[in-house]
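Take a look at the model below. A short tour follows.

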Amino acid sequence: MIAAGAPPGAGRGSVPGADDVSVGGARMGGMPASRPSPVRTASSVAPRTTATLSLAQARRVALRAQGLDRPRRTGGTVTMRHLEALVERLGLLQIDSVNVLARAHLVPVFSRLGPYDAGLVPRAAGVAPRRLVEAWAHQASYVPPRTYRLLGWRQRAYLEESWGMIADVPLRHAAVVAEVLDLVRARGPVTAREVHAVLEHAHPHVREGWWSWSVAKRVLEFLFFTGQVTAASRNAAFERCYDLTERVLPPEVLAMPEPSDADAVRELVEIGARAHGIGTVRCFADYFRVRGPAVRRAVDELVESGTLVPVEVEGWARPTYLHRDATTARRAEGRALLSPFDPLVFERSRLEALFDVRYRIEIYVPAPQRTYGYYVLPFLLGDRFAARVDLKADRAARRLLVPGAFAEDASPATTVDELVDELRLLATWLDLDDVVVPADARGDLAPALRGELAR
């Protein structure tokens with residue numbers, strides 16, 4: 001159990017406290033009370049199931065693993081130590097450039113720690129010794145430096161793991177790769193625009209494809225994907241400032257031996273399982289977007305070692321596993337607005353199975369075809385998703401706009417009160433003066449929300 005007010009991730013593996021419960025004879029905290037004897041088959045390890053969990057219990061396991069089961073810590077300043085502990089708990093922060101509300105990697109920290117200095121994240125990733133490093137993990141993400149070393153297999157397998165614009169760089173721009181690498185070595189950290197300015201005379205920018213990347217940008221992204229360069233920082237325009245990876249990673253991480261592919265995949269799956277608390281093979285694999293038979297082997301080995309414990313969840317048909325460090329509480333009392341890129345909502349089928357919520361990001365859906373809006377955040381209240389709200393930061397007018405608000409359950413009065421408090425807290429963190437529900441806002445919660453905000 002993590003003591004109230006302690007930094008996220010504290011107490012992992014400690015003896016559960018009074019609000020932790022046992023399920024089906026297995027202790028829900030630390031090592032299970034009894035570990036089943038594995039029964040080997042030709043293809044897998046298949047221990048007998050040790051526990052059956054209700055759906056409500058599974059929800060609370062998932063929420064606690066993500067640090068969303070209890071009210072945020074109050075009092076005191078959120079420090080770099082708190083940020084490091086949270087990222088260690090979550091495993092990663094997904095990066096996305098959409099800034100209609102706030103950068104995607106910043107919101108999960110607010111959801112769990114409350115208002116904090118958003119400059120902590122760029123400092124963690126842009127000042128030595130770095131606590132975070134950019135890599136292709138669950139899409140582009142910030143990860144702890146040690147986790148970066150677990151992604152070498154993906155960097156080496158770029159032909160299968162990346163996409164065409166990256167994979168074909170050595171074929172289409174082989175001569176430029178060495179030239180760009182030399183330029184980064186001599187001038188880094190540098191942005192793609194700065195590298196393009198040097199190469200433009202020989203490689204003019206020709207618009208091609210969805211992203212319309214210049215040759216310089218394509219080559220830099222190839223070098224980034226393959227681990228030869230990474231982001232030393234991001235500038236004010238949120239552009240990567242590329243440098244040699246050996247000049248970005250902390251020396252002690254560079255000195256670590258390269259793990260085998262199998263060891264790396266197993267550890268990545270284990271990080272995903274720990275961050276989820278409970279889930280299926282698909283859930284754990286999706287966390288770092290790991291594919292293929294190596295995932296199944298990793299899960300089997302983690303079961304054999306006792307790191308994962310097979311369990312049953314009422315109503316779930318797929319084989320399910322509980323991480324040995326997972327704990328649950330008698331009740332969930334957290335409250336949070338979750339970014340579309342929050343780890344709790346990464347895997348949509350898991351989200352629906354756990355919370356009976358179907359969710360999709362509608363950023364790329366034409367406006368007339370959107371059901372809920374452009375940048376919609378699910379609103380978690382206790383162990384249920386009570387609403388979803390479309391949000392936009394109007395920075396010029398210093399207002400948090402709510403273009404849409406939709407109820408997800410039958411408790412609208414409680415939902416409105418809690419949602420108003422959460423929106424005001426979010427506005428405070430974003431340094432906005434007011435929360436506004438426009439007259440043309442969509443959704444059944446919009447009128448009540450507007451009325452409550454007017455009081």
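How many bridges join strand 3 to strand 10? Two bridges do, and the strands run parallel.

## Ground rules

This is a predicted model, so local features need pLDDT of at least 70 and side-chain atom pairs count only at pLDDT 80 or more, while totals for chains, interfaces and linings use all residues. Residues are numbered from 1 along each chain as its sequence is written, and side-chain values use heavy atoms, with hydrogens and water left out.

Helices (H or I, at least four residues) and strands (E, at least two) are DSSP runs numbered from the N terminus. Strands pair if DSSP finds at least two bridges between them.

## The four-strand sheet

Strand 10 covers residues 308-313, and its Val313 is the bridge partner of Leu53. The open sheet here has four strands in the order 3-10-11-9, with mixed pairing. Strand 3 (52-53) and strand 9 (278-279) sit at the edges with a single partner strand each, so one side of each has no neighbour in the sheet.

## Hairpins around strand 14

Strand 13 (residues 376-381) pairs with strand 14 in the antiparallel sense over six bridges, and Phe379 has Ala387 as its bridge partner. Two residues lie between these strands in a hairpin, where Gly382 in the turn has a positive phi of about 70 degrees.

On to strand 15 (residues 399-407): seven bridges join it to strand 14, running antiparallel. Val389 stands opposite Ala405. Nine of the 11 residues of strand 14 (residues 384-394) are buried, so it is largely enclosed by the rest of the structure; buried means under 20% relative accessible area, with a 1.4 Å probe and protein chains only.

Note on methods
Buried means under 20% relative accessible area, exposed over 50%, partly exposed in between (1.4 Å probe, protein chains only).
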